[in-house]
Amino acid sequence: MTQQLSLFSDTELNPLGNLQDANLVDLETAFNPVDEVFAAIERLRTSRNFLELIQFMAHFPNYSTFNGWLLYLQNPSATYVATARAWAQKHNRQPRPDAKPLIILAPMAPILFLFDIQDTEGAPLSPTLLRPREIDDLQLGKYYATTRHNAAIHGISVYETDLNSDEIDTVSRITPALRKKYQNLSLPKDTSYLILIDKTLPLRGRYASLAHELGHIFCSHLGIDRHAWWPERGDLNIAGEEIEADSVAYLVCRRSGLRTDSENYLLQFLQTRQEIPPFSMNAVIQATSYIEDMGKHRWKTPRKRRQK
């Protein structure tokens, strides 16, 4: 079982001692660069700065969540970025002589160099350039249906039902007892996880709930099964799990142009504490990216598979 890097400055950042017998996959998971940087930079671990970070990442939906993380580390005041070519062709602007390029990863090349709007000059900017992305119910309905379809491919059954007011476990790892409890749902034999969605919620609330519960699964809060692409994790805590799931739901919704109660939940949670509890930023980024992909196209097989 892999270990999280500690987020507290008085805790030794030395998981190598706990992984002497681990294989290469375990070591790569333990030493992922995102959590290593998050553990090393103390300012990121305050509630105020963490909220600023995920709000920043949500502001750049045209770039991956990981690239949003890279942009924040280089220039947390950036508001709109593009390549020099895009600035010239689309906006008739060019980088200033003293402009500082920002580096991100690129799909078909090792890296791309971007320039923030503050580092460009030229023609006046369109007033709609910085307008937040918005999504209508028709497009959101397609996202929701496609995500449910792709969840089923992963052995994740999603059911809309009437939830009791005291219903707490809305995402569960399937056990024989649980399968018997929900025998009326006729769960497929390959179901590994069950997500219950309150059918009385509006579409936006149902999509946010689905993103939140998938965040729990993909952040490994319910462990792994033989099909899981996410790694098994140790040293999890309830507060850290909620930070991860709430952050995933927040990012998925805001980056798609949707405002939901997940934002309020996260704000309320962070406002009650000065320093956030230990958690994995890498898990949040990986889960967010995967859930975003799940809403784009219907898959025949999972996009990712478990490493062996």
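Which residue forms a salt bridge with R96, and how far apart are the closest N and O atoms? The partner is E121, and the closest N and O atoms of the two side chains are 3.5 Å apart. Keep in mind that we're looking at a predicted model here.

**Salt bridges**

Let's stay with that first pair for a moment. R96 sits in the loop between β2 (93-95) and β3 (102-105), while E121 belongs to strand β5 (residues 120-122), so the bridge ties together parts that are 25 residues apart in sequence. R96 comes out as partly exposed, at 35% relative accessible area. E121 is partly exposed too, with a relative accessibility of 29%.

The count for the model is eight salt bridges. As a general point, side chains of opposite charge can pair when their charged atoms come close.

| Pair | Closest N to O distance |
|---|---|
| R96 and E121 | 3.5 Å |
| R148 and E160 | 3.5 Å |

The pairing with R206 has a span of 46 residues in sequence: R206 lies in helix α8 (residues 203-218), so here α8 is tied to strand β6. Put together, the shared partners join R148, E160 and R206 into one network.

How much of each member is on show? R148 is partly exposed at 27% relative accessibility, and E160 is partly exposed at 29%. R206, on the other hand, is buried, with a relative accessible area of 17%; it gets that label because the value is under 20%.

**A nonpolar patch**

I103, L105, I111 and F113 make a nonpolar surface patch of about 330 Å². Strands β3 and β4 (111-116) are the elements that give two or more residues to this patch. L105, one of its members, is found in strand β3 and is partly exposed, with a relative accessible area of 44%.

**Helices α4 and α11**

Two packed helices are described by the angle between their axes and the distance between the axes. Helix α4 (residues 65-74) and helix α11 (residues 281-294) pack with their axes 8 Å apart, at an angle of about 135 degrees. That angle makes α4 oblique to α11. Which residues of each helix make the contact? On the α4 side they are T65, F66 and W69, and on the α11 side M281, I285, T288, S289 and E292.

The C-alpha atoms of Q286 and T65 are separated by 8.2 Å, although the two residues are 221 residues apart along the chain. Leaving aside residues up to four places away in sequence, Q286 touches W229 and K304.

Definitions and conventions. Residues numbered from 1 in each chain as written. Predicted model: local features only at pLDDT ≥ 70, side-chain atom pairs only at ≥ 80, totals over all residues. Heavy atoms only, no water. Salt bridge = Lys/Arg side-chain N within 4 Å of Asp/Glu carboxyl O. Helix = DSSP H or I, 4+ residues; strand = E, 2+ residues; numbered from the N terminus. Buried < 20%, exposed > 50% of the residue type's maximum accessible area, 1.4 Å probe, protein only. Patch = residues over 30% accessible without salt bridge, like charges linked within 9 Å, V, L, I, M, F, W, Y side chains within 5 Å. Areas by Shrake-Rupley, 256 points an atom, 1.4 Å probe, with all protein chains shown as cover. Axes fitted to C-alpha atoms, helices over the stretch in contact; angles between N-to-C directions. Parallel < 35°, antiparallel > 145°, perpendicular 65-115°, else oblique. Contact = heavy atoms within 4.5 Å.
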